[in-house]
Amino acid sequence: MATMESLIGLVNRIQRACTVLGDHGGEGSLWEALPSVAVVGGQSSGKSSVLESVVGRDFLPRGSGIVTRRPLVLQLHKTDAGTEYAEFLHAPRKKFSDFAAVRKEIQDETDRITGKSKQISNVPIHLSIYSPNVVNLTLIDLPGLTKVAVEDQPESIVQDIENMVQSYVEKPNCIILAISPANQDIATSDAIKLGREVDPAGERTFGVLTKLDLMDKGTNALDVLEGRSYRLQHPWVGIVNRSQADINKNVDMIAARRKEQEYFATSPDYGHLAHKMGSEYLAKLLSQHLESVIRSRIPSIIALINKTISELDAELDRLGRPIGVDSGAQLYTILEMCRAFDRIFKEHLDGGRPGGDRIYGVFDNQLPAALKKLPFDRHLSLHNVRKVISEADGYQPHLIAPEQGYRRLIDSSLGYFKGPAEASVDAVHFVLKDLVRKSIGETEELKRFPTLQADISAAANEALERFRDDSRKTVLRLVDMETSYLTVEFFRKLSHEPEKGSNPTSTPATDRYGDNHLRKIGSNVSAYVGMVCDMLKNTIPKAIVHSQVREAKRSLLNHFYAQVGSRERKQLGAMLDEDPTLMEKRDAIAKRLQLYTSARDEIDSVAWK
């Protein structure tokens, strides 16, 4: 089995690591799952002296009124080396070997948040002390409970302090060290009152009586120390702090401990309890209890760690894992990002995601509507047909049929199809551009690389422009093909159909410019144009899908792939320039993941070997 020192020392190191990473608050955090000791007491109850006795060093600010104005998270680390030093979380690379400087740093750091006033703050100060004279413990020194506001304190200070202290002691993993002075009635103890509220069974409350040497002559605190006045699950511990004269003379804390031991050993009242009294015994008692609490909660702690590891792993997968620095790894990452984008883009086109249906909307609604609006009624009006036919005949009127007039009317009519054809190409182009934009936004892997997002977007849009140009040429060629070669059979068939209402004996030449003849020409051209229109309704979408949509699905980033493959590592690195906020977030998660993984492995190895 692991030794008490190794298990608690491990918890201390884990808590320290949690603190460094900012993972020391909030429900479900590893810090909250690990037990610690909150030191609670009224003002002038001897809280600071108890802490200094446990540490064996004079390092806490002293004075009247509220001296502790911010929580002090004090982590004690037992070392084998003879040197002692302290470190603050807010000054991580500075070691304090002068404990008078530690006191001043606590005062300065308190003032930094609260100012020089008597205000309080719930922002903790984190202090670690490494010494061979301590046991492994995490203690939280909280502001002293008070009953009235003094000086320039707001009236709410009494309730504010109580709320702050309660926020710590109400946590089920918090061990309460309730400090009460022996020269006051235990029934009026603020610490015991608060402990009773949050721990009515007294299962996690340790009672400490201070100032036993200051009680009136002829009185003692045996009723309290022996559990008759107020019973707790754990034994009461009596403490004799340094006197003010000792403090003024800077009496060494180790000497003060010896003096305390002598007091109990020679006391007629407490001699039989001497082996269970004093600051050294208190530290060992707390350490033993912590060890048993930690050991009993190892399964739940491991379960919490495993749950958090799974969550952090999933979050890292979502944000993306760190990238290698060599060009091969960078190129692989870029190509993976491109493939992820390309997959989502194709899902939009094929129907896995919304958006591709808008292309069909262009063919089914937009193109027919545009064709319907073409001005054939005006272009093939009686007046315009007469004008075109007469101009086509020149000085020599046509003999049998106005061949040139027909061709001119058909040619100019078919030219109107170019507008809707080009408009359809542009409409599909804008849909494809919007799908590129959406696909980039929906590619989770790309979110960490804003530069690569911009590069892929630019390359995709450049490719879409090429596809649009090809598509425009194709649809215009379709229209030109219709004007280049007319379907002769259509007109030969018309020549065998008698005109409605015509006189079979009349000569066409006599009516070559007559209204009926011109109406017949206009009707014939309109029928031919309608036939071509029906064909283009089908062939224009086919051409657009072939030249634009299919190419976008098949080769949207082909040109980009060729460019990327020839780039050097520096250029590839620039493309993978991540969003700094995202980088910081991923780094923080990676560090937390490393912390939790190491904590699990260490707890397993230390607790069960």
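Author: The buried residues of helix α11 are I298, I301, I302, L304, I305, T308, I309, L312, L316 and L319; buried means under 20% relative accessible area, exposed over 50%, and partly exposed in between, with a 1.4 Å probe and protein chains only. They lie on the same side of α11, because they cover an arc of only 155 degrees around the axis, the arc being that of the directions from the helix axis to the C-beta atoms. On the other side of α11, P299 and D317 are exposed.

This is a predicted model, in which local features need pLDDT of at least 70 and side-chain atom pairs count only at pLDDT 80 or more, while totals for chains, interfaces and linings use all residues. Residues are numbered from 1 along each chain as its sequence is written, and side-chain values use heavy atoms, with hydrogens and water left out.

Helices (H or I, at least four residues) and strands (E, at least two) are DSSP runs, numbered from the N terminus. Helix α11 comprises residues 298-319, which makes 22 residues. From its first C-alpha to its last, α11 reaches 31 Å, close to the 32 Å expected at 1.5 Å a residue; the expected span is 1.5 Å times one less than the number of residues. After α11 comes G320, which has a positive phi, near 105 degrees.

For another helix, one may turn to S471 in α18 (residues 450-484). S471 counts as buried because its relative accessibility is 0%.
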